[in-house]
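Dear colleague,

My notes follow directly after it.

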Protein chains: 2
Amino acid sequence: MLLNRERALRLMEKYGVEAIVASTPENVTYLTDFWSVSHRIIKGTQTYAVLPRMMKIPPFVVTPLSELDQAAMEEECWVSDFVIFGVFYFERSSEARFLSKAEEKLQNLLRSLKPKADAATALVEALQERGLTKGRIGLDGMNLPPSLYQTLQRRLPDVEWVDGYALLREIRAVKTPAEIERLQASIALTEKALLHSLRKIREGATESEVAQAFWEVLSAHGGVPILTCVGGGSRSAFPNVIPSGYRIQRGDLIRYDIGCLLRDYYSDTARIAVLGKPTEKQRRYYEAVKLGESEGLKRIRPGAKAADIFATAVQAVRENGIPHYKRGHVGHGIGIECYDIPHLSPISDHILEEGMVINIETPYYELGFGGVQIEDTVVVTPEGYRMLSQCDRELFLLD
Amino acid sequence: MLLNRERALRLMEKYGVEAIVASTPENVTYLTDFWSVSHRIIKGTQTYAVLPRMMKIPPFVVTPLSELDQAAMEEECWVSDFVIFGVFYFERSSEARFLSKAEEKLQNLLRSLKPKADAATALVEALQERGLTKGRIGLDGMNLPPSLYQTLQRRLPDVEWVDGYALLREIRAVKTPAEIERLQASIALTEKALLHSLRKIREGATESEVAQAFWEVLSAHGGVPILTCVGGGSRSAFPNVIPSGYRIQRGDLIRYDIGCLLRDYYSDTARIAVLGKPTEKQRRYYEAVKLGESEGLKRIRPGAKAADIFATAVQAVRENGIPHYKRGHVGHGIGIECYDIPHLSPISDHILEEGMVINIETPYYELGFGGVQIEDTVVVTPEGYRMLSQCDRELFLLD
C-alpha cells in the first residue's frame, strides 16, 4: 500500500474532511494502488479514487468500464469497491473450461456492476449511495474538466468542497515504506544509467549519444525517461538543456540533470563530469555547490525549517567559491510527483518531518561558462537523514 | 510549424473568438513549438501560449523564467514574444569572449524581459498590454488550477471566456505536414520495435521479455514508451494487459496494443501473433476484425460520417466471423494527443475532412479465449486515405 493511511485519516480529522476525491493519475494510484493506462494517455479521461474518513465506508474507485481489467490484473490494488461508467464489451468464452484467478475476478466484477452513463453521474451517485452528501469533501481539482465542478456543486448542494489536491500533497509529504522502496529503485536505476552513460563521453561524442546510453539502461529495466538534461561545454549553462548534436571537447564540463519514472516514482539526480583536466574555475565552482549541498544536508532532521536549510546551503556556496551565488530554491520533496512537499526555499513555511523524502540541489548557471550542479535524495530519519542516492559525490574526471 | 494557422484563424473567426489561451503542454507546443520540461513533469507548473486572431498582435508564450532557455535553444519555436514570471538566476561569465547564438538569444531575452510575480499576473497583464480585454477568449482549462479561472474573471471582467480546449481540439483535428511527418516517424518507430520484439517470442519467453525488446528499440531512437499492452494466451483478453512473468506457450495468441511518443507525437498500433499453428477460431476471429478494419477503411474520405464508418466496420466483423461482435468505437484521431477528433463511434457527429489523421481499430476481447485486434493509422486524402502504418496486416505466424 502506497497510501499513508494513518496520516491521511489524521489530517482529514484535523481539517474536518469527510472524504477525499482524487482525480489525477498520481493521486488515484497513491490512494488505492489502482493504475489506469487511459487515465495517463487519453487527456480528459476521468478516474477517481475516494477515501472516506469513516472506516465503515470502504475506499472506492470510479473508472471507465474499459479499465476494469486493471482491477483484476493488478495484484497491488487493495481496493475492492469499484464504480464503473461508459460503454465497453467483454465477452465470455463458451469453450473455456476454467478461468484464471484474474479472469474470474474480472468476470465477477462484470456480473456485479452496472455501468453508469458517465463519470459525473458515477461519482455523484457513488457519493450519494454511501451517504457522502454533506460536510466537507476534499476535491482534487487538478484533473477535472471545469464543468464537473459545477455538476458536483449542483447535485450535491450540501457538500462544502475544499481543496483536496492540497490535502493530498500534505498527506503524501511523509512517505510510506512502500514508497521509499520505489523511490530507492528509481534513484538506483538513474544512477546506474548515469554511470553507464559516463563511459560514452569522449572527445567528439555528441550529447545525444551520451543521452542515448542513459536511455538504454533505463529502458532495459522498465524506467521511463522523463528528465534528460545533458549539456556539454557552455551549453551546460542551459538549465533545461536538450541533448543535441554538440560534440564534447576536451576540457568540457558536462552537466547531468536526469531522472526517470520507475513504477510511478520519480528520481531526479544531478552530477558533473569533466573530460580531461578540469580548470581551476570548474573545480572551484563544483566544490562550492557540493559544499552548499553538504551544509544543507547537515541541517536535515525532523523539526528543521525548510527556509533555514535554504539559507544555510546558499550561504555555504557563497563562502566556498561562488560569492555572488543566488538561487530560488535548493530542493523539493519527491515521490509519485516530481515536486512534492517540502520546498526548500526562502519563502517556504514547511517544517521537516520524519519520513519526508527530499531532493537537495544547489545548481548554478553561468552563460558563457557553464553550469555546475549536484542533486541528491534523502529520507528524513529521527536522527537526521539517510541518503537514498548512492552515487559518488565527487566531480567525475573522465579521460 | 505544427500549428494549422489558417484553420485556427478561420475557426476563431467562425466562433467570434479574439484569442486562444492554451494551458496544456500539448496545446502550448502545438500553438508555438515551445517545449517546456517543467510543464511536463512538475504538476501545476503554469505555461501558456496565446494566439490572437488579429495578425498585428503576435502570438506569445507566458512561462517561468526558469524555462526561458528553451526559447533560446529550441530552434523550432517560431514565437519571439515571451512573458516571464517567477524567480530564477542566470549569471553572465565575465571571461567568455563570445557567446553562441543560443546564449546570445537567451541573454537578449533576459535583458529585455522583467519577470512578473506569478503566472496569473503575467497572463492577465500580458492580455491587458495587448488590448485583449474584451470579447470572447477561448481558455483551455485543462491545465489550470481552479483558482486561476476566478482570477481571470475578476481581473478581466469584460472578457467572455469560452471553452478554448474544445476549440483547440477542433483546430488540431486537421493535421499540418509537420505533424504528419512526426506521426509517420512515431508510427514507423513503433512498427520497427514491434517487429524486433516478435523475434523474442518463443516457447517459455515471458510477456515482460517481449515488452523489453520493444522498449529497447524505442529507446534507441528517442521514443518514449506510453503504451505497451502485450498479453499472451487468454491474458490477451485484458484490454489493458500489463506485461507480466507469464510464459508464452505454443499455440498462444499474443496481442499487441502498443505505441510511443516521439517528438511529442503519438503512435498507437495493434497486431496479433500466434506461436505455432493457429486454431481455426484464432484465425477466423482475427480475419473477422481485419475485415472489419478493411471495410471501415474503404469508407474513409472527406465528407464521410464517423458514425457510418463505425457501423460499416462493426457490421463487417459480424458478417465475417464474430456474429455477436459489439463495440463502443472503432477508432479515433491521433496527433499531439493520443485521442484527437474524430471519434469513430455510433454517437459521433464528426464528419471527416482532408488532413485528418485517424486510427481505425476493431478489437475484440473474450475472457477465457483471448483478444484479437488490428489498429492502423491513415491520413484522409482528397481521394480517400493514405496509410501511414506500413506494417503487414496479416496474422503473424511465429515458429
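This is a predicted model: local features need pLDDT of at least 70, side-chain atom pairs count only at pLDDT 80 or more; totals for chains, interfaces and linings use all residues.

To begin with the two chains, a rotation of 180° with 0.0 Å of shift along its axis brings chain A onto chain B, with an RMSD of 0.0 Å. The two copies are therefore related as by a two-fold rotation axis, and the same surface serves both of them, since 100% of the contact residues of chain A recur in chain B.

Next comes helix α11, which I looked at in both chains. In chain B, helix α11 covers residues 280–298, and its 19 residues reach 27 Å from the first C-alpha to the last, close to the 27 Å expected at 1.5 Å a residue. Its buried residues are B:Tyr285, B:Tyr286, B:Ala288, B:Val289, B:Lys290, B:Gly292, B:Glu293 and B:Gly296. The partners against which the buried residues of α11(B) pack are all elements of chain B, namely helix α12 (306–319) and the strands β11 (269–275), β14 (357–361), β15 (364–367), β16 (370–372) and β17 (375–380).

In chain A, helix α11 (residues 280–298) packs on helix α12 (residues 306–319) at an angle of about 150°, the axes being 7 Å apart. Because angles over 145 degrees are counted in this class, α11(A) and α12(A) are roughly antiparallel to each other, and their crossing is right-handed. Among the residues that meet there are A:Ala288, A:Val289 and A:Gly292 from α11(A), and A:Ile309, A:Ala313 and A:Val317 from α12(A).

On the α9(A) side the contact includes A:Leu189, A:Ala193 and A:His196, while on the α10(A) side it includes A:Val210, A:Phe214 and A:Val217.

Finally, I looked at B:His332, which lies in strand β12 (residues 331–333) of chain B. B:His332 counts as buried because it has 24 C-beta neighbours inside 10 Å. Leaving aside residues up to four places away in sequence, B:His332 touches B:Tyr339, B:Asp340, B:His343, B:Leu344 and B:Asn359. The C-alpha atoms of B:His332 and B:Ile360 are separated by 6.7 Å, although these residues are 28 residues apart along the chain.

Note on methods
Residues are numbered from 1 along each chain as its sequence is written. Chains are lettered from A and ligands numbered from 1 in the order in which they are written. Copies are superposed by least squares on the C-alpha atoms of residues with pLDDT of at least 70 in both. Two residues are in contact if their C-beta atoms, placed from the backbone, lie within 7 Å. Helices (H or I, at least four residues) and strands (E, at least two) are DSSP runs, numbered from the N terminus. The expected span of a helix is 1.5 Å times one less than its number of residues. A residue is buried if 20 or more other C-beta atoms lie within 10 Å of its own, exposed if 12 or fewer, and partly exposed in between; C-beta atoms are placed from the backbone. Axes are lines fitted to C-alpha atoms, for helices over the stretch in contact, and angles run from 0 to 180 degrees between N-to-C directions. Angles under 35 degrees count as roughly parallel, over 145 as roughly antiparallel, 65 to 115 as roughly perpendicular and the rest as oblique. A crossing is left-handed if the near helix is turned anticlockwise from the far one by less than a right angle, and right-handed if clockwise.
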